[in-house]
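Here is a short report for a first look at this structure. Keep the sequence and the 3D view side by side as you read.

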Amino acid sequence: MATRRLGVGFIGSGFNAQFHMQSWRGVRDADVRGVWSPTAKNAAAAAALARRLDVGRAKAYRSIAEMVADPAIDAIWLCGANQARVENVEEICDTIERGRGELLGIACEKPLARTVTEARQVARLVKRVGLKHGYLENQLFSPQVEQGRQLIWARGAATTGRPYLARAAEEHSGPHRPWFWQGRLQGGGVLNDMMCHSVEVVRYLLTKPGAPRASVRPVAITGHIASLKWTRPKYVRQLRRTMGRAVDYRRHPAEDFASVTIEFQTDDGHTVLGEATTSWSYVGAGLRLSAELLGPEYSMAWNSLDAGLKLFFSRAVKGRAGEDLVEKQNAEQGLMPVVADEAVAYGYEAENRHFARAFLGLEEPKLTFDDGVEVVRTLMAAYMSAETGRTVSFPPRGLEKFKPAVARGKWKP
């Protein structure tokens, strides 16, 4: 297996899939060979991007089944819309069960699904056909997070005791596509969309390198959700103009801010805390990721916008809007930080290199669909806490069948 290259097919052709493709320039053991999208021209455009990036001789497929059946495809990267997750996995597994295709593995973007019921269904389907599976959580592979964690535990925790508080945040001004804004489709608002990153980061930072993820176990969760910006009349109208009539935050809002506090018990008998916040109402240079880890005699901190490169443009510099400086860029003038290689900084390159090797049998996957299920359970517990206004013990009763009010179109901020 060491000499084989992994042929990868993408389900999804949008912003996320293209970010993965950009990172593939640093993946040595795999090639992007295919793309399927419900919109044929989008699949063709994404395949053309992969070819321009020289990361594989990708082509567009007419169906998921056709892509799975092609012997050139060894693994699937599932980067489509949340509302299609179960349907997409069913088509993959049905093709395999009918003997019409073979795969080595499947990797799925966050969140694994919209509810615990859906997440367990996805995991069950993939296990039934015997596929290796990986849960794509790029921020755990960010060089800053990984290096900071290793050093903190090797130097600080080893001499003065384990860390006791981790914080993480992801903030920007809102998603690119209309379906993200619609709770009935996406499964919620910013908590479901981005808290999956942050709750996993805090748990990861609090876990000793080499120790199992279960060595840091959630026992209580306090969640809060709010609409701080996008239900104000001016921004309701702005959303309808930019995202279409289906995104109506006057009638069917979703939260644009969420915070979660998680109390963990460790296998060595300590209580430690994780704090996470996410926002679609942040106004700054663009996407801001941050993380902190604190212990008895040490701390670490990371902010993705503390970039070494900064540019300044005066009012005389005018041009079209874009995202060439930083993802979710909010301005084209003034002093702007530049994230020179976002695919590396956010962890996509290291993540994809790892899972390609894992599916080739060269490494054990660091995150599986089982971990993805646990993340969804954490998110749903946070929604339960937010809706009841109280801390919930984990796992709370009714978690397995719970569906957030935002996702049911019943939430009123």
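## Helix H10: the buried side

This is a predicted model. Start with helix H10, which covers residues 233-243. Its buried residues are Val236, Leu239 and Met243. Seen down the axis of H10, these buried residues fall within an arc of 60°, so they line one face of the helix. An α-helix has 3.6 residues a turn, so residues three or four places apart point the same way.

What do the buried residues of H10 pack against? Their partner is helix H7.

## Helix H10: the other side and the end

Now turn to the other side of H10. Pro233, Lys234, Arg241 and Thr242 are exposed there. Just after H10 comes Gly244, with a positive phi of about 100°.

## The largest pocket

The largest share, four residues, comes from H1.

## Make-up of the lining

Sort the lining of the largest pocket by class. It has 18 nonpolar residues, 16 polar ones and nine charged ones.

Technical notes. Residues numbered from 1 in each chain as written. Predicted model: local features only at pLDDT ≥ 70, side-chain atom pairs only at ≥ 80, totals over all residues. Heavy atoms only, no water. Helix = DSSP H or I, 4+ residues; strand = E, 2+ residues; numbered from the N terminus. Nonpolar A, V, L, I, M, F, W, Y, C, P; charged D, E, K, R; others polar. Buried < 20%, exposed > 50% of the residue type's maximum accessible area, 1.4 Å probe, protein only. Arc of directions from axis to C-beta. Contact = heavy atoms within 4.5 Å.
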